[in-house]
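Here is a short walk through one protein model. Keep the sequence and the 3D view side by side as you read.

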Amino acid sequence: MDRLDNTVRPYAWGSTTAIPRLLGAEPTGEPQAEMWMGAHPGAPSRTGRGTLAEVIDADPERELGAAAVAKFGPRLPFLLKLLAAGSPLSLQVHPDRAQARAGYEDEERRGVPVTAPHRTYKDANHKPELICALTEFDGLCGFRDPLRAAELLDGLGVDSLKPYVDLLHAHPEEAALREVLTAVLTADPDETARTVTETAAACDRLGGDYAPYAGIAHHYPGDPGVIAAMLLNHVRLQPGEALYLGAGVPHAYLDGLGVEIMANSDNVLRCGLTPKHVDVPELLRIVRFEAADPAVLRPEAGPDDEEVYETPTDEFRLSRYVLPESAPAHDLTLDAPQILLCTAGAVRAGEHDLTPGQSVFVPAGEKAEVSGTGTVFRATVVL
């Protein structure tokens, strides 16, 4: 079992206080957006044996187990994070595995450098993800019913939004959402900026259901993603609740601290709320234009006090243990790789004492006993 020394990524949207508060550290004044736990080449966790990527590369079957290597290849198939949003992240979607493979191979064939700002596919993998709230957590997830979206836009009283309102009323669901998103993202930038300015002022004035969009507009003035965001459901998670984001589902995280787990991929197609490249034709091919209420996940009781967040993805499985005072030790040994993350209290994992924000990697088959008083998240795979 290896204690992990993890990198914190200072993305501009990150909270300056949430991760330091969890760690019991003094804020630096700089944004601290994500703490990465895993073997992703962009920021692999460090251990006493080298980086976790180096440890796994040296003996994949010893670290991951033969079954995991046979199913996922000689790499850790998930990335675990602490995510602390202090302002909205970009509005985005992720491709499914077939789309990612085809898109990656196409860009490779055309010689588009992986580091190019207009490159869309950084690898050939899909990127399903799950976010579990540690604090109240605000986000956008999936399309509203077109008629509800039309009502929201119409209520602003902004004349230049009327064509979008009419489109949302005039077509079947999928066509309505597709035509409006296409129109928003391909409109004249100057006209769109004026519309967004009027929209932001109306959202500020009206408050209530419009308040989240006023906040988004404050951070991204003139961005067409502000209008696109109003097509999506706003959701507020309470601590312990989670959202699963599958392929093609538009989403954005707005504010809060959570534990995030995802397949080990960098493939993101942005819809707005970003200065980065927006590949509109490819985006419109990937997005699933289906209206649905956000499916908020709550943990389901498993064996030995484990609380499991069930998803359809095999690359990761997230669960938690809430350990009361004087509880007996829990044996978490698995024939699969694990990362254990403490988020509250003081717990002991094997020979390691963990406080909030500290984590360990447990190789497949390694004895993993957890005790103490607090909360431990367990990240592993489904074999």
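Is D138 buried or exposed? In this predicted model, D138 has a relative accessibility of 10%. The cut-off for buried is under 20%, so D138 counts as buried.

D138 has a charged partner. Its salt bridge is with R236, and the closest N and O atoms are 3.0 Å apart. D138 sits in strand β9, residues 137–143, and R236 in strand β10, residues 232–237. The two are 98 residues apart in sequence, so the pair ties together separate parts of the chain. R236 itself is partly exposed, at 46% relative accessible area.

Now turn to the other salt bridges. The structure holds 22 of them. One joins the side chains of D293 and R148, with 3.4 Å from N to O. This pair also links distant parts of the chain, 145 residues apart. D293 lies in the loop between α12 (280–286) and β14 (296–297). R148 lies in helix α6, residues 146–154. D293 is exposed, with a relative accessible area of 58%. R148 is partly exposed, at 38%.

Next, find D353 and R348. Their side chains meet in a salt bridge, at 2.7 Å from N to O. D353 is partly exposed, with a relative accessible area of 48%. R348 is partly exposed too, at 34%. Elsewhere, D2, R49 and E63 are linked in a network of salt bridges.

Move on to a loop. S265 is found between β12 and β13. Its relative accessibility is 3%, so S265 counts as buried. What does S265 touch, beyond its neighbours within four places in sequence? It is in contact with D123, N125, H126 and K127. With N125 there is a polar approach: a polar atom of the S265 side chain lies 3.2 Å from the backbone oxygen of N125. L23, by contrast, is 27 Å from S265, C-alpha to C-alpha, and 242 residues away in sequence.

Key
Residues are numbered from 1 along each chain as its sequence is written. This is a predicted model: local features need pLDDT of at least 70, side-chain atom pairs count only at pLDDT 80 or more; totals for chains, interfaces and linings use all residues. Side-chain values use heavy atoms; hydrogens and water are left out. Helices (H or I, at least four residues) and strands (E, at least two) are DSSP runs, numbered from the N terminus. Buried means under 20% relative accessible area, exposed over 50%, partly exposed in between (1.4 Å probe, protein chains only). Contact means heavy atoms within 4.5 Å. A polar contact is a pair of N or O atoms within 3.5 Å; within protein, one must be able to donate a hydrogen and the other to accept it, and residues adjacent in sequence count only if both atoms are side-chain atoms. A salt bridge is a side-chain nitrogen of Lys or Arg within 4 Å of a carboxyl oxygen of Asp or Glu.
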